Amino acid sequence: MSLDHATVRRIASLARIRVEEHEVETLRTELNGILGWIEQLNEVDIAGIAPLTGAANMALAMRADVVTDGGYVEKILANAPERIGDFYAVPKVVE
Amino acid sequence: MLTDLTIAEARDGLRAKDFSAVDLTTAHLDAIDALNPRLNAYITVSHAAALEQARRADTALAAGTQRALTGIPLAIKDLFCTEGVRTTAGSKILGPFVPPYESTVTAQLLRDGAVFLGKANLDEFAMGSSNMTSAFGPVESPWKRRQDQAAVLVPGGSSGGSAAAVSARLAMGATGTDTGGSIRQPASYCGLVGMKPTYGRCSRWGVVAFASSLDHPGPFARTVRDTAILLGSMAGHDPKDSTSACVPVPDFEAACARGVAGLRIGVPREYRAEGMPSEIEALWQQGLDWLRAAGAEVVDVSLPHTRYGLATYYIVAPAEASSNLARYDGVRFGLRHDGEDLRDLYERTRAEGFGAEVRRRVLIGTYVLSAGYYDAYYLRAQKIRALILKDFTEAFAKVDALLTPTAPSAAFAQGENMDDPIKMYLNDVFTVPANLAGVPAVSVPAGLDANGLPLGLQVIGKPFDEETLFAVAGAIEAAAGFAAVPQVRAGG
């Protein structure tokens, strides 16, 4: 399966990464190289195999639903781009 | 020289008051000041904080309240969040981010008295095998080709700064992370011991995420015993990481001298890759001979799906990365590039903040997870991952550990393998399967190539049986007598 110009643009848009027009062709070649190499996986018989999502292969532990930590307003706001009182001030992200 | 001591030796010397923790830390900071401008192993050097930690270590030593690592100077891969010390992940996109918290692994090292010299350079978001993708510049390996002293070699990656620092005596040990070989391959290139423990053994909490189901924090050091000492401090259950394993931490250090008598060592026949350099093949046979001579039995085994490990990895890892890196959007922290609207802000910020390799992987990951392609790529890769784990499980029914080369070559020069991403990816062909299966693996220096560059052997073990890996690595270390030192080093 080979990516065309429009598909590269669509993937970049889904990934929210700006790609300049002059970069598309190089990216297309690189991505097709990687995807072409990955095609080797099609020769593996995977019938009846359950997917493995993680190496741990363990049941996640339950824990009590209680507050165990907190009270770090200043620490948390230390990396905020701007603050208004005890709140983060950021560009509007919800219409 | 104080900088040449092993961690075990320094621990004894500190307790005997042969020197102070301040002496030891100062010796390392002086070495960093002299050599880091050239090697670029550290992105951030914490002179004042390190000396303050060393003074506290001396107080503890005087009071007799020392712990396992009191006064031992370490390098911390700049992927671990360190409270009050800038953390970059080797990327521009985190901007001036200073974590307000300490990762669990580094908090445990501090609990045990370690001194943090600074934050070690790495490939951007740990994506690379050469340290060439760091936004803070490449790291120069302290090792030189005998025949070509002018060539600047890579230390390997992604934990290239950690490996270069420990090798050049700019730290006694270091933390790394290993998602596809990022501890073991640089350990092999730099003549160090590096362990990727079992998935779940070391908490990932506070480690900047690359691929969550594949990321493994682990230690580097110059000896097997030192590596075991570090892992003993870094390991343990952490309720803040839901994949952290609730299993006891054994005495890893005691396991190093256990010997290999009676152990069954498997040789996976599929690792005999075509085109493997003859000196690596010879070293592998030498390693098997050493283990036989020490009383182990060598057994042929098969891992039939291992040849698909790398291609599987290049679906799973980018998929998880594209998801993990979605948080870097320029809104709440880190770099921001303003745009015409919100979407433009996201796109410009991420274009400016991510380097070429990170961008490639995020795009691959986005594609393999996108509607219509998920089953063909991601789901198929997860099923092959299950087959790779099954191969290991079946092999470990017959043997106690596997022996393989760590990497298909010795260190290459800066600029080599850069023309085609897949060429760079192939460096990890022997290391990636252990990440997919979550089983522990260690690289131990075993010899030099014709150019005088280090070559490592890899021991792969059963889940949560790092003790056997330390025993096997200890036997190889004893037989190999690896005493080579890099040309560029403190006092060198």
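# A walk through the two chains

B:Phe464 sits in the loop between strand E11 (454–461) and helix H16 (466–480) of chain B. The model is predicted. In it, B:Phe464 has a phi near 60 degrees. That is a positive value in a residue other than glycine. B:Phe464 is partly exposed, at a relative accessible area of 28%.

B:Asn417 also has a positive phi without being a glycine, and the value is near 65 degrees. Look for B:Asn417 in the loop between strand E9 (401–405) and helix H14 of chain B. Its relative accessibility is 22%, which counts as partly exposed.

Another loop of chain B holds a cis peptide bond. The bond runs from B:Gly157 to B:Ser158, and its omega is near 10 degrees. B:Ser158 belongs to the loop between strand E3 and helix H5 (160–167) of chain B.

Now turn to helix H4 of chain B, residues 104–111. Which of its residues are buried? They are B:Thr104, B:Val105, B:Thr106, B:Gln108 and B:Leu109. An α-helix has 3.6 residues a turn, so residues three or four places apart point the same way. What do the buried residues of H4(B) pack against? Four strands of chain B are on the list: E2 (73–77), E3 (115–120), E4 (173–178) and E6 (216–221). Helix H7 (224–234) of chain B is on it too. After H4(B) comes B:Gly113. The phi of B:Gly113 is positive, near 95 degrees.

Next, the cysteines. How many disulfides does the whole structure hold? A search over all chains finds 0. Take B:Cys81 as a case. The closest cysteine sulfur to its own is in B:Cys202, 16 Å away. A disulfide needs the two sulfur atoms within 2.5 Å, so B:Cys81 and B:Cys202 are too far apart for a bond. B:Cys81 is buried, with 3% relative accessibility. B:Cys190 is buried as well, at a relative accessible area of 1%.

A:Asp45 lies between helix H2 (24–38) and helix H3 (73–77) of chain A. Is A:Asp45 buried or exposed? A:Asp45 is exposed, with a relative accessible area of 62%. Its side chain reaches the backbone nitrogen of A:Ala47 at 3.0 Å.

Finally, see where the two chains meet. Chain B brings 59 residues to the contact, and chain A brings 50 residues. About 5000 Å² is buried between chain B and chain A. Carbon and sulfur atoms give 69% of that area. Charged side chains also pair up across the boundary. Between chain B and chain A there are 5 salt bridges. One of them joins the side chains of B:Asp344 and A:Arg18, at 3.7 Å from N to O.

Which helices of chain B supply at least two residues each to the side that touches chain A? They are H10 (309–324), H11 (342–353), H12 (356–369), H13 (375–395), H14 (421–425) and H15 (432–437). H13(B) gives the most to this side, with 10 residues. Sorted by class, the side of chain B that touches chain A has 34 nonpolar, 10 polar and 15 charged residues.

How values were computed. Residues numbered from 1 in each chain as written. Chains lettered and ligands numbered in written order. Predicted model: local features only at pLDDT ≥ 70, side-chain atom pairs only at ≥ 80, totals over all residues. Heavy atoms only, no water. Buried < 20%, exposed > 50% of the residue type's maximum accessible area, 1.4 Å probe, protein only. Contact = heavy atoms within 4.5 Å. Buried area = accessible area lost by both parts, 1.4 Å probe. Salt bridge = Lys/Arg side-chain N within 4 Å of Asp/Glu carboxyl O. Nonpolar A, V, L, I, M, F, W, Y, C, P; charged D, E, K, R; others polar. Polar contact = N/O pair within 3.5 Å; in protein donor to acceptor, adjacent residues only side chain to side chain.
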